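Take a look at the model below.

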Amino acid sequence: MNSTLMLSSPLFSAPASAQPQSGAARRAHTPASLVGDTPVLWVSDPFTETGRGFWAKLEGHNPGGIKDRTALFMVERARERGDLPTGARIVESTSGTLGLGLALAGIVYGHPVTVVTDPGMEPLVSGLLTAYGADVQTVTEPHPVGGWQQARRDRVGELLSAHPDTWCPDQYHNPDNVTAYGGLARELVAQLGRIDALVVSVGTGGHSAGVASVLRGCFPALKVVAVDTCGSTIFGQEAAPRLMRGLGSSIHPRNVDYTLFDEVHWVAAGEAVWAARALARSRYATGGWSVGAVALVARHLAATLPAEARIAAVFPDGPHRYAGTVFDDAWCREHRLLGGEPAAAPDEIAHPGERAVTRWTRCATVLNPVPAEAGPSAGGAHLVGAAR
């Protein structure tokens, strides 16, 4: 049965009807065995209103974060299909978390790994990737339309062309990135029994689609809430400079399943910082940009849904890589992120294209901004496939 993280103080007690099961600690014979079976934590007052709360799935308890799950799965499936020959190099674009997962997969399956990133990658992550044996390449100029994300992908394309024996998982468009998260959904069902609402950040679209699709099959009335960042194009906003990493996109990943979402919330960087820091002070378990944004929205749902509603929020990583950004006062002041507590409720817009949003905003109309006839190129060049 799944392990859990619980605190015994009455202040932190979860409703008896929602108490997860606990079990013995695992023994791991391989690094891959450390991935999955992550705990859930009841998040309540003082972060939420008294008597209200939500369950946080702490994916930071994986060795590198939530994308350990998909890195291992995509590599395993590519090897089974013969797309990734024994010993071939893996090349991928990443802002950090998938890079750590691919470094793990490379060690487990015996593949050298090259990650292409940009100057926004935290030195801690870059250092860890190097320590794990990955080759880290950094692009120096953003793409004029697709920003750093497209610049990284363009560099990946160049590497694939120059080195025919390399393989790219193409996390943005690879359906294995979705399937990989079925296990996370099943863990939540085993831990919580019933789930009425799911709050998930959206970047590549992998974990949001993978978790929500399985849970919707178990709970047809499930409310699924997407969390994006201001300046992201995923849900129909215009592209703008983005400080937050790990959620949002400057391209349109085909793994995003718009049919699953009941509403979308865009969160600004300062609001995510406030929530991540408030979590740290009140619950000890916290994380970076995605965790802060998801927690802010889950806090709102806990206040507005019926008290008996069981809300699950996926926290993709932990706090350590953000010591020099989200949790650094000087850095946050430099970027004007310490403006105080966010509003008690989000702004509302009726349509994603109504106006550009610059603070926490909710929209109950969720549309795919890429017309079906636009074809695969609308999401950027398709890179996944056999080693070239």
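## What covers α1

The buried residues of helix α1 are covered by, among others, β2 (54-58), β3 (89-93), α2 (97-109), β6 (166-167), α5 (176-179) and α6 (182-192). Cover here means contact, with heavy atoms within 4.5 Å. Buried means under 20% relative accessible area, exposed over 50%, and partly exposed in between (1.4 Å probe, protein chains only). Helices (H or I, at least four residues) and strands (E, at least two) are DSSP runs, numbered from the N terminus.

This is a predicted model: local features need pLDDT of at least 70, side-chain atom pairs count only at pLDDT 80 or more, and totals for chains, interfaces and linings use all residues. Residues are numbered from 1 along each chain as its sequence is written, and side-chain values use heavy atoms, leaving out hydrogens and water.

## Helix α1 itself

α1 runs through residues 67-81. Its buried residues include Leu72, Phe73, Met74 and Val75. Just after α1, Gly82 takes a positive phi of about 85°.

## Helix α2

α2 has 13 residues. Ten of the 13 are buried, so α2 is mostly covered. Among the buried ones are Leu98, Leu100, Leu102 and Leu104. The buried residues of α2 pack against α1, β3, β4 (113-117) and α3 (123-131).

## The whole chain

The protein chain holds ten helices and twelve strands. It has 388 residues, and 57% of them are buried. Of its contacts with a separation of 6 or more, 71% join residues 24 or more positions apart.

Conventions. The expected span of a helix is 1.5 Å times one less than its number of residues.
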